[in-house]
Structure formats: structure tokens, C-alpha cells
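Please look through the sequence and the model first.

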Amino acid sequence: MISSTSLSSFMLSQRGLRDATVIIQKAAERLATGSKINRASDNPAGMIAVSKLDLRIKELDKKITLLGMEEARLGAKDGALSVVSGMLEELNGIVVSAANTAGLSQEEKQALQTQADSILQGMDFIANTTVFKGEKLFDSLFSTSLGKVDYKKEGKEGKEETASTTLAGLGSGGGLNLIDGDLEAAQKSVKSALNSILGSQGAIGNRIKNGIEPMRQVYLSEIEASQSVRSDIADTDIAAEMSNLVRGQILQQASIFGLLSAQNNSKQSLALLQNALG
């Protein structure tokens with residue numbers, strides 16, 4: 001017949017074995033997954049907090065991706081504008097040369113006009129073909145949207161009239177053409193167009209430097225802070241769980257020993273279990 005001491009030892013050992021199994025399983029799971037919240041019951045409030053942090057981090061990642069796409073789009077646009085800027089500078093030099101009427105023959109003026117026509121066509125080609133992810137980056141042709149100026153032309157009955165045009169007026173037959181057009185207005189048109197292009201490039205640079213980049217840094221800082229908080233809540237404390245695993249194994253061994261010794265009413269085993277359980 002089992003004595004009361006042996007029965008107490010047996011029951012204590014059973015409880016110790018159950019506790020040891022729970023401790024070992026929980027520590028092993030946390031070490032394997034790297035997370036101390038593997039189900040809602042582990043930490044209900046912590047799981048809710050982690051879910052919200054994960055959602056916010058994904059939102060911030062998406063915003064950073066969109067900023068990167070905007071920066072790439074602006075970079076493509078700036079690249080095209082840089083080419084157009086160089087073409088306008090070349091066009092300005094051609095207009096200045098054409099204005100020197102005393103030193104040019106009719107053939108030379110026609111050659112300059114041909115160069116001007118080629119530049120205008122090249123600029124409009126860029127406006128028509130510069131795309132980013134299938135989106136046209138320019139809404140209209142450069143020749144018809146830039147360099148708007150007033151110029152003098154001969155009207156009805158030979159009277160001088162004032163009209164308006166854009167860079168397109170520098171093309172053959174236009175009011176600002178380089179053969180018999182208003183060359184003073186032509187120079188103003190080119191300079192106005194060049195200033196517009198440079199202004200657009202400046203706006204792009206400002207958006208990237210003072211808009212996109214600071215926003216990216218803010219989002220990255222928030223992600224870093226959120227990840228740190230998430231880690232504090234959810235990540236496994238390796239040292240603590242290794243300690244729990246060892247403690248559970250010791251308790252398990254002591255409990256098994258207690259179960260085997262219970263039938264002999266081992267007081268030494270009972271004392272060992274009591275010490276192991278704290």
C-alpha cells in the first residue's frame with residue numbers, strides 16, 4: 001500500500017512533469033520560430049499591437065516605393081529637359097548668327113533656317129516620345145507651348161501689325177523665321193523657352209531634394225522605430241528561453257525520478273522536486 005508521503009511525492013512529480021512539458025514546449029517553440037507570440041493566447045494585447053505595427057510598416061514601405069517611382073519619373077523628365085535645354089542653346093546661337101544680316105548670303109541664311117527647322121523637329125520628337133511606364137511626360141509640343149512672344153508683321157494694305165507666336169514661329173515660313181522674319185522677337189522667344197525649361201528643371205530638382213528625399217528619410221525612420229517596438233514585443237529573448245529550456249529539462253528529469261521513486265516513499269526525491277519547483 002502506498003504511504004501518504006509516497007502519494008504526495010507521486011502527485012507532486014506528476015504536476016512537475018506537466019509543468020516541465022509546458023515549459024520545454026513553449027521554450028522550444030519560441031526558439032524555433034524566433035517569436036514569443038505564436039498564437040493569440042500567448043499575448044492577446046501584444047498580438048494586436050504587432051498586427052498594427054506590421055500594417056503600418058507595409059504602408060510605409062508602399063509610400064517609399066511610390067516616392068521611388070516618382071523620383072524615377074522626374075529623373076526621366078529632367079533628362080529629356082536637359083537635352084531640350086541644350087538644343088535651345090544651339091538654336092539661340094543660330095538665331096544670333098542669322099541676325100548678323102550684313103555678313104550672310106541668302107544661301108547661308110537658308111542653311112541656318114534648315115538647322116533651326118531640324119532643332120524644332122527634334123524637340124517636338126522628344127515631347128512626343130518621352131514616356132515613363134507608358135505615360136507621356138509632356139502634354140504638348142515644345143514648339144507650340146514654349147517661347148510665346150509678340151512680333152511685328154506686315155498686315156493689310158502694307159500696314160505693320162502685331163501678332164503672337166511661339167517657338168513654332170522660327171520654322172520655315174513662320175513670323176520669326178531666320179530669312180525674313182522678326183529676328184529680335186525670335187531671340188526673345190528662344191530665351192523665354194530656355195528660361196521655362198530651366199525653371200522646370202529647377203522645380204524637379206527642388207522636388208527631389210526638398211520633397212522626396214526628406215519624406216523618404218521620415219518614412220525610413222518611422223519604419224526603424226516601428227520595427228524596434230515590434231521586436232521588443234514579439235521577438236524571442238534567446239538567453240531567457242534557453243534558460244527556460246534548461247530549467248524545464250531539469251524539472252522533467254527530477255519529476256521522472258520522483259515518479260519512479262514514489263513507490264519507495266523517497267523523502268529525498270520529494271525535497272528535490274520542491275527545490276526544483278521553487
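The model is predicted. Helix α2 covers residues 44-99 and helix α5 covers residues 183-234, and these helices pack against each other.

**How α2 and α5 are arranged**

- The angle between α2 and α5 is about 165°, and their axes lie 7 Å apart.
- Angles over 145 degrees count as roughly antiparallel, and α2 and α5 are therefore roughly antiparallel to each other.
- The crossing in which α2 passes α5 is left-handed.
- The contact of α2 with α5 involves 33 nonpolar residues, along with 10 polar and 14 charged ones.

**S85, in helix α2**

- S85 belongs to helix α2.
- The relative accessibility of S85 is 7%, so this residue counts as buried, the limit for buried being under 20%.
- Apart from neighbours within four places in sequence, the residues in contact with S85 are L194, I197, L198 and Q201.

- N43 sits in the loop between α1, which spans 4-33, and α2.
- N43 has a relative accessibility of 29% and so counts as partly exposed, a class that lies between the 20% and 50% limits.
- In sequence, N43 is 190 residues from I233, while in space the two are 9.3 Å apart, taken from C-alpha to C-alpha.

Methods. Residues numbered from 1 in each chain as written. Predicted model: local features only at pLDDT ≥ 70, side-chain atom pairs only at ≥ 80, totals over all residues. Heavy atoms only, no water. Axes fitted to C-alpha atoms, helices over the stretch in contact; angles between N-to-C directions. Helix = DSSP H or I, 4+ residues; strand = E, 2+ residues; numbered from the N terminus. Parallel < 35°, antiparallel > 145°, perpendicular 65-115°, else oblique. Left-handed = near helix turned anticlockwise from the far one by under 90°. Nonpolar A, V, L, I, M, F, W, Y, C, P; charged D, E, K, R; others polar. Buried < 20%, exposed > 50% of the residue type's maximum accessible area, 1.4 Å probe, protein only. Contact = heavy atoms within 4.5 Å.
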